[in-house]
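Here's a quick tour for anyone opening this structure for the very first time. Have a look at the model, then come back for the notes below.

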Amino acid sequence: SSLAVTVLLSMILPTMAEFLGNELLGTPEIICNTDTIEMNFRTRQPFSGKVYVKGHYNRPECRVDYAERGADGRPKGGIRLNHGACDMDRQRMVTEDGMMFSTVLVISFHPLFITKVDRAFNIKCMYREAQRQVQQQLDVSALPTETLSYEMPMPSCSYTIRRDQLDGPILRYARVGDQVVHRWECESEMYGVLVHSCFVEDGQGEKAMIVDERGCHTDHTLLGDPTYVEALNMAYRESFVFKFADRVAVRFQCEIRLCLKDDGGCDGITPPICFDSARNRINGINTTRVLRRRRSTDHLIREGDLISQTVYVIDKEEQRIDFLPDSDTPDILQSISFEGVKNVCLTPREVLSMATILGVLIFITIFLALFVCCRRFYRISDEERDFMKS
């Protein structure tokens, strides 16, 4: 066994010394290519660890092992991800014309474990749509013409999950069944918003739709129809925390549709037309009026994506259930409550053990009492006998 320990230490100690003395130098360089995203970085010593996409370490296409080197001594391949690979986030931006690709890359120095020298980076690449301007000069008169233009700023929109109420704190950790409020908001009084095509994700590739493309719920037990404020720039919905089986994190992603409220630009767009299970109510809005407005106009302004924060969810507290195989145990033994103490329950086995111990203590007490009485009795008898002899 000592030989095995020596061999094991000889394998571990050089590795420990290698990664403990190494660290990242500066900030990694991000290269946003047409179809891929790359990351280059420098370390104090030659890097022989791994770089992987957070949450996807077990997928070979999402991990690069820098210990594998080519003939030139450089790591094979390098970290390069195609757009959309390894559950990379793809988000259409509302404030800017373009697409945002983002992912989290982890630089791990140890071959097996996450240590204090490891680093994680949220990588974002913004691809803006090209804008082409065509100009033509016409000499009509000598009077110069000035062009005045004004571009209406796009609103800043967010998707947050709040604890307990609409203005509650932003949720990070929760337990299954906790009450929360989903809140979609655009900071503008000129635009209305429609929330639609919402998915819940586990961060490892599994997702499920909870709000359809019309903006109506797909499963009322998970999330109901969003409720819109009168200004149409915010929607919310109360819900209870849920999660995927054997997963610890959930995140939500929704598409939003913006419309300009002036001159009825949001008529027929938001709020959506959603029927309840009995199909006798449409979000509290008059049916005929909504359907007539919906046919009148459809002024679509812009589409975008909103992603909520990641919420880490734990299961409910486990309930302990103990039972005895025989069914003849009296019900009175199933539970014992003590005065002044709430919710104190004992199993039948624990009750029988306590009764046995109590019986033994009572027996010992009685035995000691009898022993003391007997000794006192015999002592008095001896004294009387000595007195009679004298």
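This is a predicted model: local features need pLDDT of at least 70, side-chain atom pairs count only at pLDDT 80 or more; totals for chains, interfaces and linings use all residues.

- Strand E2 covers residues 36–43, and six bridges join E1 to it, with the two strands running antiparallel.
- Zooming out, the strands belong to an open sheet of three, in the order E1-E2-E5, and the pairing is antiparallel.
- Strand E1 (24–32) and strand E5 (80–82) stand at the edges with a single partner strand each, so one side of each has no neighbour in the sheet.
- Neighbouring strands in this sheet are turned by 15° against each other on average, ignoring direction.
- As background, strands of a sheet pair through backbone hydrogen bonds, and they can do that either parallel or antiparallel.

**Disulfides: the overall picture**

- The count comes to six disulfides.
- If you number the bonded cysteines of the chain in sequence order, the pairing reads 1-4, 2-3, 5-6, 7-9, 8-12, 10-11.

**Cys157 and Cys186**

- A disulfide joins Cys157 to Cys186, with 2.0 Å from S to S.
- The link of Cys157 and Cys186 is right-handed, with 110° about the S-S bond.
- Cys157 sits in strand E9 (residues 157–163) and Cys186 in strand E11 (residues 179–186), so this pair ties together parts that are 29 residues apart in sequence.
- Both Cys157 and Cys186 are buried.

**Cys216 and Cys274**

- Cys216 and Cys274 are also joined by a disulfide, here with 1.9 Å from S to S.
- This link of Cys216 and Cys274 is left-handed, with -90° about the S-S bond.
- The pair connects distant parts of the chain, 58 residues apart: Cys216 is in the loop between strand E13 (207–211) and strand E14 (227–228), while Cys274 is in the loop between strand E16 (249–260) and helix H2 (287–296).
- Cys216 counts as buried because its relative accessibility is 4%, and Cys274 counts as buried at 2%.

**Cys259 and Cys266**

- Another disulfide joins Cys259 to Cys266, at 2.0 Å from S to S.
- The torsion about the S-S bond of Cys259 and Cys266 is about 110°, so this disulfide is right-handed.
- Cys259 is buried, and Cys266 is too.

**A cysteine on the outside**

- Cys373 is exposed, with a relative accessible area of 53%.

Notes. Residues are numbered from 1 along each chain as its sequence is written. Side-chain values use heavy atoms; hydrogens and water are left out. Two strands pair if DSSP finds at least two bridges between them. Helices (H or I, at least four residues) and strands (E, at least two) are DSSP runs, numbered from the N terminus. Axes are lines fitted to C-alpha atoms, for helices over the stretch in contact, and angles run from 0 to 180 degrees between N-to-C directions. A disulfide is a pair of cysteine sulfur atoms within 2.5 Å. Buried means under 20% relative accessible area, exposed over 50%, partly exposed in between (1.4 Å probe, protein chains only).
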